[in-house]
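Student: Could we go through the charged side chains together? I would like to know which of them pair up, and where.

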Amino acid sequence: QLHIKPFEDAVRDESAGLLAVMTAHVVFPALEPAGFPATTSKSVLGQLLRHQLGFRGVIFSDSMEMQAISTAQSPLRKVVVEAVLAGVDMLLVPHSLRAQRKALRGLRRAIESGELPLARVAEAQARISVLA
């Protein structure tokens with residue numbers, strides 16, 4: 001059983017002024033049978049949050065340096081791209097300049113290769129600009 005009613009109410013109540021949410025690196029097997037954490041799950045961020053609940057604001061990641069998301073099997077340079085493709089608009093890499101550089105390199109390579117479409121980056125940028 002999913003308990004999404006409070007989230008649905010918050011998203012749909014325009015008077016609440018909900019401009020942003022933060023993901024968690026938790027796994028929801030009922031929504032993501034492949035076992036991806038919510039931060040990298042198109043099912044959770046795209047289907048549930050954006051389409052079913054209708055959230056139009058900015059999606060922030062939790063720290064991408066946490067071991068729950070960035071491991072040897074899924075290095076930071078890879079998971080940041082997966083997160084943006086899943087729907088994260090703003091990545092948090094708050095602790096290490098080295099990690100920030102790895103994240104930026106991963107994103108740049110994904111954009112240059114076409115793996116991360118510029119349209120997706122522009123979409124995130126447009127949402128973020130509303131917060132300014």
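Tutor: Happy to! A salt bridge here is a side-chain nitrogen of Lys or Arg within 4 Å of a carboxyl oxygen of Asp or Glu. Keep in mind that this is a predicted model.

Student: How many salt bridges does the structure hold?

Tutor: Side chains of opposite charge can pair when their charged atoms come close. Counting such pairs in this structure, the number of salt bridges is eight.

Student: What is the N to O distance between R12 and E8?

Tutor: These two also sit in helix α1, and because they are four residues apart, about one helical turn separates R12 from E8. R12 is partly exposed, with 48% relative accessibility. The N to O distance in their salt bridge is 2.5 Å.

Student: Is R120, which pairs with D89, buried or exposed?

Tutor: The R120 and D89 side chains meet at 3.2 Å, N to O. This pair links distant parts of the chain, with R120 in helix α5 and D89 in the loop between α3 and β3, 31 residues apart. Buried means under 20% relative accessible area. D89 has 8% and is buried; R120 has 10%, so R120 is buried.

Definitions and conventions
Residues are numbered from 1 along each chain as its sequence is written. This is a predicted model: local features need pLDDT of at least 70, side-chain atom pairs count only at pLDDT 80 or more; totals for chains, interfaces and linings use all residues. Side-chain values use heavy atoms; hydrogens and water are left out. Buried means under 20% relative accessible area, exposed over 50%, partly exposed in between (1.4 Å probe, protein chains only).
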